[in-house]
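Thanks for coming, everyone. I'll take you through one structure, piece by piece. Please have a look at it first.

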Amino acid sequence: MKAQAQKGFTLIELMIVVAIIGILAAIAIPQYQNYVARSQAARVMSEAGTIKTAVEACVLDGRVVVGLNAGQCDPGATGSSLLVGATQGSPIPANTGVPQVTINADGTATIAATFGNSAATTLAADTLTWSRTVDGSWQCASTIDAKFRPTGCTN
């Protein structure tokens, strides 16, 4: 008589596969959440950084009041789903925010972006700030945890 060939998998083999998948998921999900937080921090740094050109033009033109009226500075910020902050210039869509711009008479300025709305929970209420010195150089500083902070931005 011929022995019958085994067909399918045993229960132990299936349980081992399920255990391996569970272990991989337990490692991958937190790493993915860290990746999302890092990418959102880099995105906000870039979004806030794009406003520097408009702020620089306003400083050079002597426009220190942010707004839409004649003689005021409109930084042209677009709404971001990762930020909170009321518009200071052009209207923005609902459930979005913009970086808050402050221009001082001495030529210094700040662009402050506060995380909120749909940002990762590890970033909620953190800020990322671009600061302009009198000589025109820009520095990035943030309250973001070091493991999520974008390169080029200090604590």
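**Strands, core and disulfides**

Let's start with a pair of residues in two strands: in β3, Ala109 is the bridge partner of Ile103. Before going on, some ground rules. This is a predicted model, where local features need pLDDT of at least 70, side-chain atom pairs count only at pLDDT 80 or more, and totals for chains, interfaces and linings use all residues. Residues are numbered from 1 along each chain as its sequence is written, and side-chain values use heavy atoms, with hydrogens and water left out.

A word on names. Helices (H or I, at least four residues) and strands (E, at least two) are DSSP runs, numbered from the N terminus. Two strands pair if DSSP finds at least two bridges between them.

Now the strands. β2 covers residues 100-103 and β3 covers residues 109-115; they pair in the antiparallel sense over four bridges. Another partner of β3 in that pairing: Thr110 bridges to Thr102. The two strands make a hairpin with five residues between them. In the turn, Gly107 has a positive phi of about 100°.

β3 has other neighbours. It pairs with β1 in the antiparallel sense, over two bridges. There, Val84 stands opposite Thr114. β3 and β4 also run antiparallel, joined by six bridges. Thr114 stands opposite Thr127 in β4.

Which side chains of β3 are buried? Buried means under 20% relative accessible area, exposed means over 50%, and partly exposed is in between (1.4 Å probe, protein chains only). Ala109, Ile111, Ala113 and Phe115 point to one face and are buried.

On to the core. In soluble globular proteins, nonpolar side chains tend to be buried together. A nonpolar core here is a set of buried Ala, Val, Leu, Ile, Met, Phe, Trp, Tyr and Cys residues joined through side-chain atoms within 4.5 Å. The largest one has 31 residues. Val55, Ile103, Ile111, Phe115, Leu128 and Trp130 have the most contacts inside it. Elements giving two or more residues are α1, α2, β2, β3, β4 and β5. α1 gives the largest share, five residues.

Take Val55. What does it touch, leaving out residues up to four places away in sequence? Val101, Ile103, Ala109, Ile111 and Trp138. Contact here means heavy atoms within 4.5 Å.

Last, the disulfides. A disulfide is a pair of cysteine sulfur atoms within 2.5 Å. The whole structure has two. One joins Cys58 to Cys73, S to S 2.0 Å. Its angle about the S-S bond is 85°, and the link is right-handed. Cys58 is in helix α2, and Cys73 is in the loop between α2 and β1, 15 residues apart. Cys58 is buried at 2% relative accessible area. Cys73 is buried at 0%.

The other joins Cys140 and Cys153, with sulfur atoms 2.0 Å apart. Why is it left-handed? Because the torsion about the S-S bond of Cys140 and Cys153 is about -65°. Cys140 is in strand β5, and Cys153 is in the segment after β5, 13 residues apart. Cys140 is buried at 4%, and Cys153 is buried at 7%. Counting bonded cysteines along the chain, the pattern is 1-2, 3-4.
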